[in-house]
Amino acid sequence: MSAEPRQLIHVRSMRARDVPAVLAIEQVSYGYPWSERIFRDCLRVGYRGWVATALDDQVVGYGMLSVAVGEAHVLNLCVAPDFRGLGVAGLMLEAMITQAELERAESVLLEVRPSNSAARRLYKRRGFKRIATRPGYYPSPDGREDALLLALELDF
Ligand SMILES: CC(C)(COP(=O)(O)OP(=O)(O)OC[C@H]1O[C@@H](n2cnc3c(N)ncnc32)[C@H](O)[C@@H]1OP(=O)(O)O)[C@@H](O)C(=O)NCCC(=O)NCCS
């Protein structure tokens, strides 16, 4: 009997030594990737980073969450191209939502590009609702692209 691919994925806290592997995925995933400095600064200031790893501890995805004054914010969520479509992002999103609940956040917020249909489907499935548009939030080849601001209300 073979295991489901997502059963072979483990989600754990991001460590400084994961940053090179995280950065390699970031650079092939975004037109405007975060720099190494941004990842290191996020960890230094205490934001919560996660990585999804395959069997040999290979990093195949990561997420970054900040929590402050009752509000959690998903700052980044990304899966290596070869591992997409397997539910890996959903596993990391659950870890982030659980963390937000542990830290007594009332809501989880995130921005997403309107053109990012894979991400929008993922968040909709998990119950995120669109609450606003941030005009010109993202850089894009044609100038700027709006962001949709999505929120998941957490109840206690
Ligand atoms: C958005 C992202 C994190 C989703 O990760 P994932 O682990 O593939 O998520 P899922 O497995 O739940 O799949 C999400 C959707 O991607 C689509 N998908 C399926 N296989 C895919 C593949 N091989 N490649 C790309 N997308 C695929 C599916 O349509 C799926 O939606 P569905 O389940 O309603 O059909 C991932 O596509 C990614 O890293 N994209 C680049 C970074 C990014 O845009 N991050 C989000 C910023 S807000």
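Which residues form one aromatic cluster? Select Trp34, Phe39 and Tyr62, which together make it up; rings of Phe, Tyr and Trp (its six-membered ring) pair if their centres lie within 6.5 Å. This is a predicted model, in which local features need pLDDT of at least 70 and side-chain atom pairs count only at pLDDT 80 or more, while totals for chains, interfaces and linings use all residues. Residues are numbered from 1 along each chain as its sequence is written, and side-chain values use heavy atoms, with hydrogens and water left out.

The structure holds 4 aromatic pairs. Select next Tyr137 and Tyr138, a pair that lies edge-to-face, at 4.9 Å centre to centre and with 90° between the planes (planes under 30 degrees apart count as stacked, over 60 as edge-to-face and the rest as tilted). Tyr137 is partly exposed at 37% relative accessible area, whereas Tyr138 counts as buried at 16% (buried means under 20%, exposed over 50%, partly exposed in between, with a 1.4 Å probe and protein chains only).

Now turn to the largest pocket, which holds about 1,100 Å³ of space. Of its 36 lining residues, Tyr30, Leu77, Asn116, Ala119 and Tyr123 are the closest to its centre. On a 1 Å grid over the protein atoms alone, a pocket is an open set of points where a 1.4 Å probe fits, with protein on both sides within 12 Å along at least five of seven lines, and lining residues have an atom within 4 Å of a point. Finally, select β4 (71–79), one of the elements that give two or more residues to this lining; β4 gives the most, with 7 residues.

Terms used
Points joined across faces, edges and corners; volume = space filled by probe spheres on them. Helix = DSSP H or I, 4+ residues; strand = E, 2+ residues; numbered from the N terminus.
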